[in-house]
Amino acid sequence: MSEGKTVQHSELPEVDDELSVSLRMRLKSHHSGWVTVFRKGTSGEEGGFMRTPGLFLHANNSKLHPRFTGNWEGNAGIGAVGDGLLLNKWYHITYTLSDREKRMDIYINGVWTAFYAIENVQMHKVKFNDGPLYIGWFDGEIGYFRYFNWRLSADEVMKNYLNHRPFC
C-alpha cells in the first residue's frame, strides 16, 4: 500500500454546496480489503461516517465505490461502478457532487459512467465537512489530483480528461 497524503481542510478551496475531484490513477495490485482513493472527513471510528467526498475500491476487484454523507444517511452513494479497474492501466476519474442539483456523477476517462440521485430533494442534504482530505491509500500511482469547489460540467470533465489523459 502506498502511504498516501493528507491535506488539511484549510489548504483546500472553500466548498458551499458542490464540489468535484479529478485524478489519474493506476493500480499495481488488487487489495484483499477495501481501500481509499480519497475521502474527506472521518472513517467511522469517531462516532459515525463523515466522508464527503469519498471514493473507495472494492476488495479483490477494485470496483469504484463512490460515497458521501447526507443528513439522512452517513454512507450514501453508489454500490459499485463497472467491472473493476484493470491492473497497470491508467484511468482518469472524475467525481462530482452537488447538493443544489441533488446528484453525484462519476466519469471514467471523460465518459459519464454512473450517477446517484438524491430522491427526497426537499428534506435530504449533502453534509460537507471541515475534516482533512486523505488521498491515495492504495497500491498504485496517483497524479493530477484536482479538488474543485464547483460541480464540473460534462464539457469541463472532458476538457480536463483531454488535458490530463493517460498515455498508457
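**Exercise 1. Decide whether Met158 is buried, partly exposed or exposed.**

Solution. Met158 has a relative accessible area of 32%. Buried means under 20%, exposed over 50%, and partly exposed in between (1.4 Å probe, protein chains only). Met158 is therefore partly exposed. The model is predicted: local features need pLDDT of at least 70, side-chain atom pairs count only at pLDDT 80 or more, and totals for chains, interfaces and linings use all residues. Residues are numbered from 1 along each chain as its sequence is written, and side-chain values use heavy atoms, without hydrogens and water.

**Exercise 2. Describe the setting of Asn160.**

Solution. Start with the element: Asn160 is in helix 1, residues 154-164. Last, contacts (heavy atoms within 4.5 Å). Setting aside neighbours within four places in sequence, Asn160 touches Ser22, His92, Arg146 and Phe148.

**Exercise 3. Find the residues with the most contacts inside the largest nonpolar core.**

Solution. A nonpolar core is a set of buried Ala, Val, Leu, Ile, Met, Phe, Trp, Tyr and Cys residues joined through side-chain atoms within 4.5 Å. The largest one has 33 residues. Met25, Leu64 and Tyr95 have the most contacts inside this core. Strand 2 gives the most to the core, with 5 residues.

Conventions. Helices (H or I, at least four residues) and strands (E, at least two) are DSSP runs, numbered from the N terminus.
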